Amino acid sequence: MEYTTLGGSGTKVSRIGIGTNTFGGDAEWHLSAAEAQEVVDTAVEHGINFFDTANAYNAGESERVLGEALDGYDADRQVVATKVYFQMDDDDPNSGGLSRKAIEQELANSLDRLGMETIDLYQVHRWDDETPIEETIRALTDAVERGQVRHLGASSMWAHQFADAVHAADRGGHEPFVTMQNHYNLAYREEEREMVPFCEQNDIGLIPWSPLARGFLTRPHDELEATVRGETDQYLHERLQTYADNGGREINERVAELAAEKGVKMAQIALSWLLHQDAVDAPIIGARKPEYVVDAVEALDIDLSASDLE
């Protein structure tokens, strides 16, 4: 396993992160606690120490299942990330957003579900138009000072919004953001216009979600909808159209061509491309099976030439 630091922090994480949106849900493609345990065990066995979840994933069940799966391991050896923003209780307007109240109560709930005293990376899941960014940053900094959080990160938002947050933290002398978890892969490169260069300039590491484009880059594009998830995940159909537009099908075919040429899997080529991007610290893969974890680790050994990347 290769390791790197989380952005400008000194905390070291594996170059592969495990995403847990499938942990604890009730859809056909979600994982039971036992299945999630197998994924976590395989990840740890292969040197992966970075696990990402969110309070909103499966109404908190992802955090609970991940916490239980890691319970048998030395907590000091793992780096656990979670997120806050989406509303957790329809009857409680303060269970979502990035107000001080929402952050403090939802952080406490996340720590309880995870069974941990400290979260290594606490991320704002989205931008909150209703809360002044200064309030959010002060609440997050206070959480760090209380020892409940070690580092701060953010997830998908417009680059100008993230710039506002980063500069507000700097102006106030508050805890900095060290990571951006954004939507970035071979079939979706919009982030290269503004977010990627902004993060590079500010020493903020990228930990992209959906590095395999929701499966679009793991098999020939005309086969994807035949999978269990393709048949049951309506959100997938919307994403597929996004990925297929603007040359996505051709990219898919090029990935297949390179995979055949090198004798590896399409998913490994797509993941290797991200690992070759200087701004990327650790792609977050949503591995549903232990063998997918092994495939991801093996992608670290794939060398792509300049012409391959082009």
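Author: Let's start with glutamine 181, which is buried, at a relative accessible area of 1%; the cut-off for buried is under 20%. Keep in mind that this is a predicted model. Glutamine 181 sits in strand β8, which covers residues 177-181.

Now for its polar partners. The side chain of glutamine 181 makes a polar contact of 2.7 Å with the side chain of glutamine 123. Another polar contact, at 3.1 Å, links the glutamine 181 side chain to that of aspartate 52. Leaving aside residues up to four places away in sequence, glutamine 181 touches Asp52, Lys83, Gln123, Ala154, Ser155, Ser156, Ile207, Trp209 and Ile284.

On to the aromatic side of things. Rings pair up here if their centres lie within 6.5 Å, and by that rule the count comes to five aromatic pairs. Take phenylalanine 162 and phenylalanine 198: their ring centres are 5.9 Å apart and their planes meet at 70°, so this pair is edge-to-face, given that planes over 60 degrees apart get that label. Phenylalanine 162 belongs to helix α5 (residues 159-172) and phenylalanine 198 to helix α6 (residues 195-201), so the pair ties together parts that are 36 residues apart in sequence. Both phenylalanine 162 and phenylalanine 198 are buried, too.

Technical notes:
Residues are numbered from 1 along each chain as its sequence is written. This is a predicted model: local features need pLDDT of at least 70, side-chain atom pairs count only at pLDDT 80 or more; totals for chains, interfaces and linings use all residues. Side-chain values use heavy atoms; hydrogens and water are left out. Rings of Phe, Tyr and Trp (its six-membered ring) pair if their centres lie within 6.5 Å; planes under 30 degrees apart count as stacked, over 60 as edge-to-face and the rest as tilted. Helices (H or I, at least four residues) and strands (E, at least two) are DSSP runs, numbered from the N terminus. Buried means under 20% relative accessible area, exposed over 50%, partly exposed in between (1.4 Å probe, protein chains only). A polar contact is a pair of N or O atoms within 3.5 Å; within protein, one must be able to donate a hydrogen and the other to accept it, and residues adjacent in sequence count only if both atoms are side-chain atoms. Contact means heavy atoms within 4.5 Å.
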